[in-house]
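This report describes a structural model, with attention to selected residues, sheets and chain-level values. Please read it alongside the sequence and the coordinates shown below.

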Amino acid sequence: MTILLLLIPIGIGLLIAAISAFVWAVRSGQFDDLEGEGERILFDDEPLARHDHLDISDSWKDMK
Amino acid sequence: MTLEALADSKSCYHCGLPVPPGFHCTAGVLGEYRLMCCIGCCAVAEMFEAQGLSEWYLRREEAMGSAAPAPSDVRESVEYLESPTLQEEFVECDDSGTASSSLLIEGLSCAACVWVIERHLLALEGVRRARVSLVSRRVKVEWDSQRLTLRDVILRLAEIGFASRPDRPNESLALERDENRSTLIRLGFAGLGAMNVMTYSVALYAGTFDGMSSGAIMLMRWMGLIVSTPVVLVSARPFFIAAWRQLKLRSPGMDIPVSLAIGGAYLVSCYATIGGVGEVYFDSVCMFTFFLSLGRYLEMRIRHRSLSLTRSMMDAKPLIARREGPEGERVIPAHALIVGDHFRVRPGEALPADGIVIDGRSAVEEALLTGEPWPRAIMTGDSVIAGSTNVESPLLVEATRVGSHTTLASIIALVEGAESERPPIALMADRVASIFVTGVLGVAVVNWLTWQALAPDRAIWTTLSVLVATCPCALSLATPTALAAATHALAKAGLVITSGRVLEGLATADRVIFDKTGTLTRGRPTVARIEAMQGRSESEVRRLAERMERDSEHPFAHAFRSEGLALRLVSEVGLDEIQSIPGFGVEGVLDGTRYRIGRPTWVVENDEGLTPPTGPESDVLAWILLANQEGPLAWFGFEDPIRVDASPAIEGLRSRDEKVALEMLSGDPSPSALRIADRLGLEVHISAATPQAKVERVHALQEAGERVVVVGDGVNDGPFLQAGDVSVAMGSGCDLSRLTADAVLMRNELTLIPRAMAWSGRLRRILYQNFAWAIAYNLVVLPLAVTGHLAPWLAALGMSTSSLVVVLNALRLNRLPDAV
């Protein structure tokens, strides 16, 4: 039974850790947009090809 | 526009709008050439392919619904951002040279758009962070201020077809966000605490059956106390505060028995722990707190969702003003205008303040208040309102009312006030609750007294278990879960509910009254007939007309434009000196010949009794004439077509419930109105009704005891819409009606009305089931508690099971079936 004297404080410690993590997550805005974030995990994350500043907007100037 | 409709080969693959005849532009997307409707969509589709974003076409839930803006239009619209004062206003810059801004995005429909926007922005050199929030429709962008400007970011978004606007930090948005966060924190706290307390409680339960040393019992009890204390103090506080308020006002509500149960159980359990006697109920305390907080959280989400709809409409207010001062024209933020300032408004721009025209002759479109697409001609001395759009020529206006004093602002304030009412279903639940409260308290008191007489040492424990057993957990969860699920299902399908009375009202409706223009019909003129004369071909005159109307903002011009958009690319009929004469038409010169298009009496000045062609049963609203110096060239007839889903919707309503009367009430005096009603099978009791007559009709029906649902777009009919027991506004209707209506058909899908009615019937049944279950549970458990047979483990088990049953039952409302 004395093992409880070790286990219970560990349990409480885990609880405090869980609560702190949860509060941090909420405060940093991770729960603000549940729909968008929910779908975000389904996105593919291939490495983005970094292009130079695409001047497509300038070339459209000619198309008026 | 659903994705199935896209499979029809004549729709643009990108936006779903019809491809104009004669336009052939395809873009290679996902391995095949797909039809496009205009250069805007074409360019965006090619951009997606080039950037590896074509997956968007696979993931999206629906087509864009509106053509992508042409790049030249977007470039012009961001010119104003060059001004440094505006840069300060909208862009925050920190010491490390990182600029950040929040942009409001139009046309953001689903998560696939989120993906496409973020990736496209991040691929731009200099962008450091881009995060889209679907719920607030904003994107937060951070970039290197040395390499990019706000304008670049906005143009980058426009490349993929999303129009965006910089956004000022919104107070109500921040308040909502904080409320969301604090409620969620309390909920999570209660949940985590409850789980932890269960560890100790289950040990105690096991001890009841298998025996446990008194030392171990004491330890478990004390641990339960230590963990429950913060839960009660933090998460249960709102209940105590609300209960106290209700006591002071003497209006009994759910919070009183809830607070009694939680507080009482907690205190008595503390007494039991310290004194080493009786039973402890810490697990019940925490679980109550958790379940009840869950109910509150769901209610809050519903409330916020309807608020966000209001907010999205208010976002349409103009941002900037072009103030005319001694130093010339300066672009300033709209809220910096003061009364007496002179400001200019270019064609196509929205007015930033109420005012009087000082110089200029033009027309303004005041759809946001009246819904009328026809602009009102104005000249010097006329008054104009903030939020309306200047359609024809530049204006110089003196501001008479600015900021929060404009007509627009005062209307919005009215609406926001109405928003905070609680839905009637919740009010009904409260009535049930107050009966319940008195009942429970009565039982508890009687129980206490009885036990005092029989065996006083058991009195407190049995009374405690009575309170625990009857804590209205299930009852409290019954309503918000069902409401949340039903509202969510309908919102996903396209009917956004902003007022609680909708669901109940729809379920018990006796009559549905439809407005005609804009509701049963599209409300926007489309070119229906072309009568070419003098041997010209239809496409030739059409191209001519389109070219002349290209820069006009008049709704007739729009009718040409949406169908002839592509012709910009194809033809270049070189017309010079295009001049728009407000109220009459457009004039231009081609190869030395003068052309005019517009009102017949102005186009051909000598009145030779020109009559437009008539046809059998013509639905044509208006005719305009195209002519040159030699004579008339073509007639263009405009129609207001019936919506495609009007007929299936009426059929759906009729087949669902034959007893519901279906009526059309329109102010249109023309015979085509009656023809439409006939075709759709709607009763017409009053034809050519004035707005006043419409309201009177609704009131008369209500006095006769009927429950009336009104469906309309609010064009000149605000009071008519409001008069109904339930008002459903069309998504394309005027802004004011959308704000004040009980529900909005976001995609103008009339077929949602019968579906929503069926669903509200279902909601009522499920609510009754939930109530019945909650009450039955209490009736079973109460005798056990009174006779002292309700052990803590039994109470906890029973309470969580009953809550779970209620929630699962409510979730059956979560998805609207596809069939009408």
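## A buried loop residue

Asn748(B) is buried, its relative accessible area being 15%; buried stands for under 20% relative accessible area, exposed for over 50%, and partly exposed for what lies in between, with a 1.4 Å probe and protein chains only. The residue lies in the loop between β28 and α29 (752-786) of chain B. Most residues other than glycine have a negative phi.

The model is predicted: local features need pLDDT of at least 70 and side-chain atom pairs count only at pLDDT 80 or more, whereas totals for chains, interfaces and linings use all residues. Residues are numbered from 1 along each chain as its sequence is written, chains are lettered from A and ligands numbered from 1 in the order in which they are written, and side-chain values use heavy atoms, with hydrogens and water left out.

## The two chains

Chain B contains 30 helices and 28 strands; helices (H or I, at least four residues) and strands (E, at least two) are DSSP runs, numbered from the N terminus. Of its 820 residues, 55% count as buried. Where contacts in chain B join residues at least 6 apart in sequence, 67% of them link residues at least 24 apart; a contact means heavy atoms within 4.5 Å.

Chain A has 3 helices and 0 strands, and its elements run α-α-α from the N terminus on. Of the 64 residues of chain A, 23% count as buried. The mean pLDDT of chain A is 71, and 66% of its residues reach 70 or more; pLDDT is the predictor's confidence in each residue, from 0 to 100. Within chain A, confidence is highest in helix α1 (residues 4-27), at a mean of 92, and lowest in helix α3 (residues 56-59), at 39. Over residues 47-64 of chain A the pLDDT is below 50, and this stretch has 32 contacts in the model beyond near neighbours in sequence.

## Two open sheets in chain B

One open sheet of 6 strands has the order β17-β28-β27-β26-β18-β25 in chain B, with mixed pairing. Its edge strands are β17 (495-497) and β25 (661-664) of chain B, each of which pairs on one side only. From one strand to the next, the twist averages 20°; axes are lines fitted to C-alpha atoms, for helices over the stretch in contact, and angles run from 0 to 180 degrees between N-to-C directions.

A second open sheet, of 3 strands, has the order β13-β12-β15 in chain B and antiparallel pairing. Here β13 (376-378) and β15 (389-390) of chain B are the edge strands, each pairing on one side only. Two strands pair if DSSP finds at least two bridges between them. The table gives one strand pair from each sheet.

| Strand pair | Sense and bridges | Bridge partners |
|---|---|---|
| β27 (residues 726-730) and β28 (residues 743-745) of chain B | parallel, 3 bridges | Val728(B) and Ala743(B) |
| β12 (residues 362-365) of chain B and β13(B) | antiparallel, 3 bridges | Ala363(B) and Ala377(B) |

Thr289(B) is found in helix α12 (residues 282-314) of chain B and is buried, with a relative accessible area of 0%. Its side chain reaches the backbone oxygen of Val285(B) at 2.7 Å. This is described as a polar contact, a pair of N or O atoms within 3.5 Å; within protein, one must be able to donate a hydrogen and the other to accept it, and residues adjacent in sequence count only if both atoms are side-chain atoms. Leaving aside neighbours within four places in sequence, Thr289(B) is in contact with residues including Ala190(B), Val231(B), Ser235(B) and Phe239(B).

Asp144(B) is placed in strand β6 (residues 138-144) of chain B. It is buried, at a relative accessible area of 15%. The side chain of Asp144(B) reaches the backbone nitrogen of Gln146(B) at 3.0 Å. Not counting residues up to four places away in sequence, Asp144(B) touches Gly97(B), Gly126(B) and Arg128(B).

## Cysteines

A search of the whole structure finds 0 disulfides over all chains, a disulfide being a pair of cysteine sulfur atoms within 2.5 Å. Cys286(B) counts as buried, at 0% relative accessibility, whereas Cys93(B) counts as exposed, at 53%.
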